[in-house]
Amino acid sequence: MSTAVPQEILDALTDVDMPKLPPEAGPSEAVRLAVVEVPVYRAGCVVVGSGAAGLRAAVEMKRRGDDVVIMSQSAWGGTSACSGSDKQTLHTANTADQGDNYKAMARAIRSGGAMDEDTAYVEAVGSSRMMASLQFLGLPLPQDPLGGTLRYQTDHDEVGRATSCGPRTSRLMVKVLAEEAIRLAVPFYNQATAVKILTEGEGADRHVVGILAMRAADRTEENPLGIALFVSDVIVLAAGGPGELYRDSVYPNGCFGSLGLALEAGVELVNLTESQFGIGTRREGFPWNLSGTYVQAIPHIYSVDADGVEHYFLAQYYRSTQELASNVFRKGYQWPFHATRTLDFGSSLVDLAISSETAAGRCVFMDFNRNPLPVPGDLPFSLERLDEDVRLYLGKAGASQDMPIDRLKHMNPLAIELYRRYKIDIAAEPLEFAVNNQHMNGGVMVDTWGRSNLAGCYAVGEAAGTHGVTRPGGAALNAGQVFGTRVAEHISASGRAKQAATGEISGVAETGITELLAVLRTESPLTVKSIRSDVQARMSEKAGIICDQQSVGQALFDAQKLNADIRAHGVAYGRAAEAVRGVQWRHMALASEAVLGALDFFIRNGGGSRGARAICDAEGQSLPLASAGPLEEYRFRTERQADRDAQIVVRLEGDEIRLATRANRTFDESARSFFERDWPAWLTGRIYDLDANN
């Protein structure tokens, strides 16, 4: 590979070896519950998930003397450890000479709407501390000769707050945090899938008392499914987003998240209408986002039909070669689909065109060995004939090479090397890709300390619904670190996790196990495969970037029927490992109904188009244009300000999904702290608001 970057640097930033887990601690006891004898593990707090956010919470709790354990379905196998992009972004506060301050950053984070203003400020003001602590742990963020962190502009970022270690930023974050967790002797329970949250009490007094898991290590003749009981008054949900919800997804395989788990426990969710969709390679091969320099190199994009004929389809949408090439470039920092960017020949018209091609059964490719072909009747591609913002960016980057592969090699050799590690040589052959689901912006509704409505249950990272409609690229990684720390601070201040829980919860656990076993039936007509196919096809085809009221309504009806069938017949399984998947797909079916229910509620009440989706409507006010004329089939509703100022809350009551709206929490930017006045609140712990939902 011709590059000035030493091979050992390429290796370190693309092949990130994770630490070996320490031996697991055994159970403290075993009890016979329902029809099985289960091992009992006791802890002050159970963190569900071993990604960057969960590890941060565990590390910060352990540092404060709390008794904390980590439960992981697959350590180092989740989204944080397995996802990335050309130069995966960490979004943190920049320097004042870039026009930055925490309040301005908070405004940028929440600018898409449907986000709590106080949460945005918490993320902004905590970002400097998070970046510094990650650097202290060894995260290799790039610097200039005087020690300043190198920055660039990313999506929904007007100041340039982005920085990166390369394609594997989040995996490197997991690595340094995991090493710290192991150094602090945080116990890990790997290959353990959380399947049911256990609670006691009624109404506002209901609280967490433990969690049921299924573990291969705990399978015995007496307990063939490996059910284990974790007794704890505090849990932190950090299991990421529902990656398996969509067929067309850039998530790593096996990412189920915890939305269904939370719903079953009565935890309220919020903003489930909000996701991110964008271009990336499919999960059947090597799922990866194609943002940043992949498209800033301006490769040739085309489709191939069933007869092997190439189609230069983008030329049907843009009016000139310059306009087409400039918008391919802009997908680098306008990566997520946004309905408004389909207008005025914007960059999301690229997503719309790609989605249309794949829906027609064609495969879409980008070729780094060809520049974009000219739009018929126009001049050929030239680096001198690009929109001013694009031309200036490439000029500053020194990307004046003739071919896209050489421009990419100059700007980001790691982007080429990363695919090569997975036996894909983008320097030699075209790369197939599509528009995929990438991130859930909604999730568990939490306050500024990460608390849910269920006492003792916290949520961080992608499991928490804190991200609003849009967010700057990398803001989610920052949010997970900020709230991982705040959750730890709050739990530690409460004193509830200083030692392992000692409560007797056999009755609650027995009921939970009975309910769990009732879902798993060897003779059910519903299999994991059939449920997966049903859910994923429905979500990708009816709840992707293009939606309409009738299709979403029908999809919701079908999702409700599937869940009714699961309640009536259960989920079939053969081997014990299939039983785990059966519970997870029960949760995904429930999460799917919740997402579609929120989306149907939003559309039926007049909701318009924004970050995740275009809501198509024959009476819609916005009409995307193509070079050949209006795209009437994609006419869509515009967004209303009222929808930006509120969020949709979802909860499960019995077997019914209930929906409501609440206003965004506000933040008074004029308020200023005063040391002598406010210091006592910190000294006494009043800042933690421990009397509320402790």
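Glu-669 is partly exposed, with a relative accessible area of 25%; by the cut-offs used here, buried is under 20% relative accessible area, exposed is over 50%, and partly exposed is in between, with a 1.4 Å probe and protein chains only. Its partner is Arg-107, and the two form a salt bridge with the closest N and O atoms 2.7 Å apart. A salt bridge here is a side-chain nitrogen of Lys or Arg within 4 Å of a carboxyl oxygen of Asp or Glu. This pair links distant parts of the chain, 562 residues apart: Arg-107 sits in helix α4 (residues 102–109), and Glu-669 in the loop between β26 (656–663) and α20 (675–684). Arg-107 also counts as partly exposed, because its relative accessibility is 37%.

The ground rules, briefly. This is a predicted model, in which local features need pLDDT of at least 70 and side-chain atom pairs count only at pLDDT 80 or more, while totals for chains, interfaces and linings use all residues. Residues are numbered from 1 along each chain as its sequence is written, and side-chain values use heavy atoms, with hydrogens and water left out. Helices (H or I, at least four residues) and strands (E, at least two) are DSSP runs, numbered from the N terminus.

Back to the charges. How many salt bridges are there by this rule? The count is 51. One of them joins the side chains of Arg-56 and Glu-60, at 2.8 Å from N to O. Both residues belong to helix α2 (residues 52–63) and are four residues apart, about one turn of the helix. Both Arg-56 and Glu-60 are buried.

Another salt bridge pairs Arg-183 with Glu-180, with 2.9 Å between the closest N and O atoms. These two are three residues apart in helix α6 (residues 169–183), so about one helical turn separates them. Arg-183 counts as exposed, at 58% relative accessibility, whereas Glu-180 is buried, at 9% relative accessible area. Both pairs belong to a network of salt bridges that links Arg-56, Glu-60, Arg-63, Arg-64, Arg-129, Glu-180, Arg-183 and Glu-489.

Now a charge without a partner. Glu-123, in helix α5 (residues 117–137), is buried yet has no salt bridge. Which side chain of opposite charge is nearest to Glu-123? That is Arg-471, 8.3 Å away; Lys and Arg count as positive and Asp and Glu as negative, with His and the chain ends not counted. Leaving aside residues up to four places away in sequence, Glu-123 touches Ile-109, Met-115, Thr-466, Ala-475, Asn-478, Ala-479, Val-482 and Phe-483. Contact means heavy atoms within 4.5 Å.

Next, the sheet. Five strands make an open sheet in the order β1-β2-β10-β9-β8, with mixed pairing. Two strands pair if DSSP finds at least two bridges between them. The edges are β1 (29–33) and β8 (192–200), each with a single partner strand, so one side of each has no neighbour in the sheet. From one strand to the next the twist averages 30 degrees. β8 and strand β9 (residues 207–215) run antiparallel and are joined by eight bridges. In that pairing, Thr-193 stands opposite Met-214 in β9.

Two helices lie over these strands. Helix α15 (residues 506–519) lies across β1, β2 (36–42), β8, β9 and β10 (227–231), at about 130 degrees to β8. Helix α18 (residues 576–604) lies across β8 and β9, at about 60 degrees to β8. For these angles, axes are lines fitted to C-alpha atoms, for helices over the stretch in contact, and angles run from 0 to 180 degrees between N-to-C directions.

Helix α18 comes up again with α16. Val-528, Ile-531, Val-535, Gln-536, Arg-538, Met-539 and Ser-540 are buried in α16, and what covers the buried residues of α16 includes α17 (549–569) and α18.

Last, strand β13 (residues 275–281). Is β13 largely enclosed or left open, and why? Seven of its seven residues are buried, so β13 is largely enclosed by the rest of the structure. β13 pairs antiparallel with strand β18 (residues 431–440) over six bridges, and there Gln-276 has His-439 as its bridge partner. With strand β14 (residues 288–289), β13 also pairs in the antiparallel sense, over two bridges. Thr-281 stands opposite Trp-288 in β14, and a hairpin of six residues joins β13 to β14.
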